[in-house]
Amino acid sequence: MTAILEPTTTLGGPRAAFADPRVRLTKIGHHLGARIDGLHLSAGLDDTTVEDLRRAVLTHKVVIVTGQHHIDDDGQYAFAGRLGTPTKAHPTVLSRGEDLLPLEGAANSWHTDVTFVDRVPKMSVLRAVVQPEYGGATMWASTVAAYAALPLPLRVLADSLRAIHTNDYDYAEHLTVGDSSDPAYREEFVRTVFRTEHPVVRVHPETGERALTLGHFVSGFAGLKTSESADILRLLQARVERPDNTVRWNWSPGDIAIWDNRSTQHYGVADFGGAYRRVNRVTLAGDIPVGVDGRRSTVLAGDASHYSVIDEPQALPDFVPASDRSISGPAA
Ligand SMILES: O=C(O)CCC(=O)C(=O)O
Ligand SMILES: [Fe+2]
């Protein structure tokens, strides 16, 4: 049985998830995930509902808004613009359109979107366009809960590490289906090589939560040998991927997922045989990550200024974490 969230008590007093009583938010996982019914997404949403939606995304990390049959590509792009400033479709893949990124198949590996640039998108808005008869779910993991569950010695290690992320990562390591296994797509994907050094633990600029920042674009850690990097990445990434730390969504027509790309990783599950599957993505500009020591990410190669502006984060007043596994605090 699922429970519709009762109003929660916050510093600001009792507060339902949405001021609009027609909108219902139902939690679908302890550490992350909520479904939202009764909301009609459009560029014309009133400001209160947009702010309630932003709070829901930051709190639950991924929300699935059901019943959005009226939304097409233009509608998706226009609505997404209410939550932030859209980036270009991708830093390198622009042959499919400048605004939306259509993706065929499934990434089939754990990642955070576009972490190879300095200005990592803050949110992604994903619409299922063609779903296979079976399979093709998407999974998300809380990188906040993963960090908070680390025993202290590993937390201390993670706090001090910086990782190199690149779009020229090892595709062969990942069981991709569709785009990422297509040589032409890969060629376009790496036509400009980006390399960025990010703190492994970033302090979320709007909630203060600390989150592991890893995923399949990581090629290694600054100052470590390749073999040491591989071992430590395996160890920390395994913490993110633990099933109790994830949520899985089987798409229905009209579903739109919105996730906080600063506190999650995700995985498109390629379990649909040779069937066709397509999802369309809009990403929203983010800021430059900051580690627990206050150090920002630094660019090693590539200029992402044509791809995205640098977002000005807006702290969320009276933020209440979705689960008991959250460590927050400003950058030191
Ligand atoms: O295929 C999926 O479900 C996820 C696609 C993905 O990785 C993305 O939209 O960023
Ligand atoms: Fe992705």
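Strand S6 (101-106), S7, strand S17 (264-268) and strand S18 (278-284) each contribute at least two residues to the shell around ligand 1, where helices (H or I, at least four residues) and strands (E, at least two) are DSSP runs numbered from the N terminus. The model is predicted, and local features need pLDDT of at least 70, side-chain atom pairs count only at pLDDT 80 or more, and totals for chains, interfaces and linings use all residues. Residues are numbered from 1 along each chain as its sequence is written, while chains are lettered from A and ligands numbered from 1 in the order in which they are written.

The residues surrounding ligand 1 are Leu 103, Ala 106, Ala 107, Asp 113, Ser 124, Leu 126, Thr 138, His 266, Gly 268, Val 279 and Arg 281, a residue being near a molecule if its C-beta atom, placed from the backbone, lies within 6 Å of it. Divided by class, this shell comprises 5 nonpolar, 4 polar and 2 charged residues (Ala, Val, Leu, Ile, Met, Phe, Trp, Tyr, Cys and Pro count as nonpolar, Asp, Glu, Lys and Arg as charged, and the others, Gly among them, as polar).

Strand S17 also takes part in an open sheet of 3 strands, which has the order S15-S8-S17 and antiparallel pairing. Its edge strands are S15 and S17, each of which pairs on one side only, and two strands are taken to pair if DSSP finds at least two bridges between them. Strand S8 (residues 138-142) is joined to strand S15 (residues 246-249) by 4 bridges, with Thr 246 of S15 as the bridge partner of Ala 141. The antiparallel pairing of S8 with S17 extends over 5 bridges, and here Ser 142 has Thr 264 of S17 as its bridge partner. Strand S8 is mostly covered, with 4 of its 5 residues buried, that is, with 20 or more other C-beta atoms within 10 Å of the residue's own, C-beta atoms being placed from the backbone.

Helix H1 (residues 47-60) is followed by Lys 61, whose phi is positive, near 75 degrees. Among the buried residues of H1 are Asp 52, Leu 53 and Arg 55, and the buried residues of this helix pack against strands including S3 (24-27), S4 (34-37) and S7 (123-130), contact requiring C-beta atoms, placed from the backbone, within 7 Å.

How values were computed. A residue is buried if 20 or more other C-beta atoms lie within 10 Å of its own, exposed if 12 or fewer, and partly exposed in between; C-beta atoms are placed from the backbone. Two residues are in contact if their C-beta atoms, placed from the backbone, lie within 7 Å.
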